[in-house]
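My notes follow the display.

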There are 2 protein chains.
Amino acid sequence: MSLFKSVKIINSGKSILLSRKYGAPLRYHSTWLLDNALDSKTRDKNNGQRLISVLDIPVNTYIKSASLDKKGQNVTLKFLPKEKQVKFSSSWLASHAYDKKKNNSKVWIDPDLKTWTKTTLKSVPIISYKSAKSDKKLLLKWLKSLHCYGFAKMTGGKIESGALIQIANLFGYVRETNYGKWFEVRSEINAVNLAYTSLGLHAHTDNPYRDPVPTMQILYCLENSASGGDSTVVDGFNAAIHLKNKNSDYFNLLSKYCARFEYSGVKGTHLKSRRPMIELSPDGELIAIRFNNRSVAPITDVPYEDMENYYKAYRTFSDIINDSKLAVNFKLNPGECFIVDNTRVLHARTAYSEAGTRWLQGCYVDKDGLLSTISTMLEKK
Amino acid sequence: MSLFKSVKIINSGKSILLSRKYGAPLRYHSTWLLDNALDSKTRDKNNGQRLISVLDIPVNTYIKSASLDKKGQNVTLKFLPKEKQVKFSSSWLASHAYDKKKNNSKVWIDPDLKTWTKTTLKSVPIISYKSAKSDKKLLLKWLKSLHCYGFAKMTGGKIESGALIQIANLFGYVRETNYGKWFEVRSEINAVNLAYTSLGLHAHTDNPYRDPVPTMQILYCLENSASGGDSTVVDGFNAAIHLKNKNSDYFNLLSKYCARFEYSGVKGTHLKSRRPMIELSPDGELIAIRFNNRSVAPITDVPYEDMENYYKAYRTFSDIINDSKLAVNFKLNPGECFIVDNTRVLHARTAYSEAGTRWLQGCYVDKDGLLSTISTMLEKK
């Protein structure tokens, strides 16, 4: 399909302007074009990495000639003073357009993600371990859902210690920490972490005191005959948007000031971080939630004048997160696990009785692996 | 030492005001005080984690009475309507003060860090593997320098494959990635990454296309008889401050817009990220540099109107980073390694001849481990 009608040189050769059949014209700068050229002198043929630096592009670079082929499928450009000819496909240019309106004051969420509540999440993304191992199509669908919702379940796994690592290996690499390659989540005497007791745990993200924070978590059930110990997950991005709609000043307070988090529950470990509860990219993308009542350290980066409202914001955010209308509840059976995007989805558990046993194992995996696995599986299709 | 002269209740019990012997008085809110109480009903005795949530603190909490003991060392507070008495030491309150002037428009660097250039870094932090293993005091000093300068060297390590893992184990946990637990840095045919050729590499941070980015890197030398292949490190925080001083608009462009990074040099891996080259916390702390000419993807999050200046800023930042006055150069010998804080310090290498051999191994470690190790070693002292 031909996307462009014509090309012309503008701004004394500093840019080109491509007129489209549909939509406003698109402009591209000469330096940007040379930096992103796809020829074998600019990009390595084997690994696709850039062979030049921005300093290899002359400051006074300009476009001497520009032409669109008859079918409108390719644009050929000649650059001076360092003579170079480069060809771009129209589709590549269109898909890498940057000449568009941006609203940097707006808070936004990656369009690949869907926020949810108990009502709107029609069904929990679920797969059996057997299908995940044998059916690439089902696995891909499940991984995409895990990314999209920040949460998924798996059933039918082996009931043996360490089986969670096989789940991690389906999409990424385990992040080892002071808690080990994986850790035991069961009731202990003199527990080094409240997670290792039979107490209920408020909805939280794990290890906000760690920087970088663990980006994915697997919680895998080996025994669960205790009464109670149900699991809950809450979409933190949805909760943050709720907060924003309810009181945008509160949202701003939790995103513009850093909270502090700390953990020193065991000898030889003292972890501290200084990050906001609601993290935005500089251009307003909602990128992470950090929320954990157990490990908030004294917050000292909020000025006195804003602290009262900061605490009101924190309280309101807690209320939203604890609202049962937002939460999805379930009880894990042995051989089942759930996985959360720990930068987004909070998890909680109800208290459980000491009669019977509840034994989970947990581990952290990084999200780069998940996204890479999805990308390469999509490319193979 | 008594820090405080007197305490009084202000704002109808919503806050207290502590007058100091030296310095302006300090105010603390009732809610903040209850949330940070250190008694065994608020904090678990075993692991120090908070047992309450902010929702357990009544909205209308106020301070009924406040008293300072005779020596001025402890403040005792009584809260209502939910009756509770809490004691804080004056030193704890003083060290967690938040009633101070803050300038949130200012860019700042963690005061524990010292920026450097070739001239100002008087000597490279260095230790022998033997000392690191046997002398806790020297090890602590070296680890603190590694944190402070974001860079350190070690000598006298074993000349065997995988020896770098022993270095990692001194302070943290290896982050396994698609490149493995560690990776081979030597010249390969059809290299999947330009690092695995004999080409020179511009100063860069590793894997900016990975999110979370690797926070520490070890580069360990096993063979280095080739001519060339010298190593260089550059303090990226220092370079960013240089940029800011030279042209604050350029600094703002690189911090307010996200760049894009990408790597798909090998089958089964496709990593992408969207992060700024200069990353600030929401309150202006310089927290990370991402800089790598090989893996910058087409930048499409900068509007057309700002792209020309964005590229000027990128070029100027490149110029500063490549300025030899900033760089510390050395050649690694077998059994030697260097470690960088990959969120701050860039590394480069000169090209090397194919005569002779150059064989390095690299691995990633996370910074939370380094900081935790330093903290707990300091606490033991």
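This is a predicted model: local features need pLDDT of at least 70, side-chain atom pairs count only at pLDDT 80 or more; totals for chains, interfaces and linings use all residues.

These entries cover the helix pair and then the symmetry.

Entry 1

Entry 2. I looked up α7(B), residues 248-256, and α8(B), residues 304-321. Angles of 65 to 115 degrees count as roughly perpendicular, so α7(B) and α8(B) are roughly perpendicular to each other.

Entry 3. Which residues of α7(B) meet α8(B)? I found Tyr250(B), Leu253(B), Leu254(B) and Lys256(B) on the α7(B) side. On the α8(B) side I listed Asp306(B), Asn309(B), Tyr310(B), Lys312(B), Ala313(B), Tyr314(B), Thr316(B) and Phe317(B). Sorted by class, this contact holds seven nonpolar, two polar and three charged residues.

Entry 4. I then checked α8(B) by itself. It has 18 residues and spans 26 Å from first C-alpha to last, close to the 26 Å expected at 1.5 Å a residue. Buried residues in α8(B) include Tyr310(B), Ala313(B), Tyr314(B), Thr316(B) and Phe317(B), and I had already listed these five names in the contact with α7(B). Also among the buried residues of α8(B) are Tyr304(B), Met307(B), Arg315(B) and Ile320(B).

Entry 5. What rotation superposes chain A on chain B? I read 180°, with 0.0 Å of shift along the axis and an RMSD of 0.0 Å. That is the relation of a two-fold axis. The contact surface is the same in both copies, as 100% of the contact residues of chain A recur in chain B.

Entry 6. Last, I asked which residue of chain A comes closest to the rotation axis. Arg175(A) does, with its C-alpha at 2.9 Å.

Methods:
Residues are numbered from 1 along each chain as its sequence is written. Chains are lettered from A and ligands numbered from 1 in the order in which they are written. Side-chain values use heavy atoms; hydrogens and water are left out. Axes are lines fitted to C-alpha atoms, for helices over the stretch in contact, and angles run from 0 to 180 degrees between N-to-C directions. Helices (H or I, at least four residues) and strands (E, at least two) are DSSP runs, numbered from the N terminus. Angles under 35 degrees count as roughly parallel, over 145 as roughly antiparallel, 65 to 115 as roughly perpendicular and the rest as oblique. Contact means heavy atoms within 4.5 Å. Ala, Val, Leu, Ile, Met, Phe, Trp, Tyr, Cys and Pro count as nonpolar, Asp, Glu, Lys and Arg as charged, and the others, Gly among them, as polar. The expected span of a helix is 1.5 Å times one less than its number of residues. Buried means under 20% relative accessible area, exposed over 50%, partly exposed in between (1.4 Å probe, protein chains only). Copies are superposed by least squares on the C-alpha atoms of residues with pLDDT of at least 70 in both.
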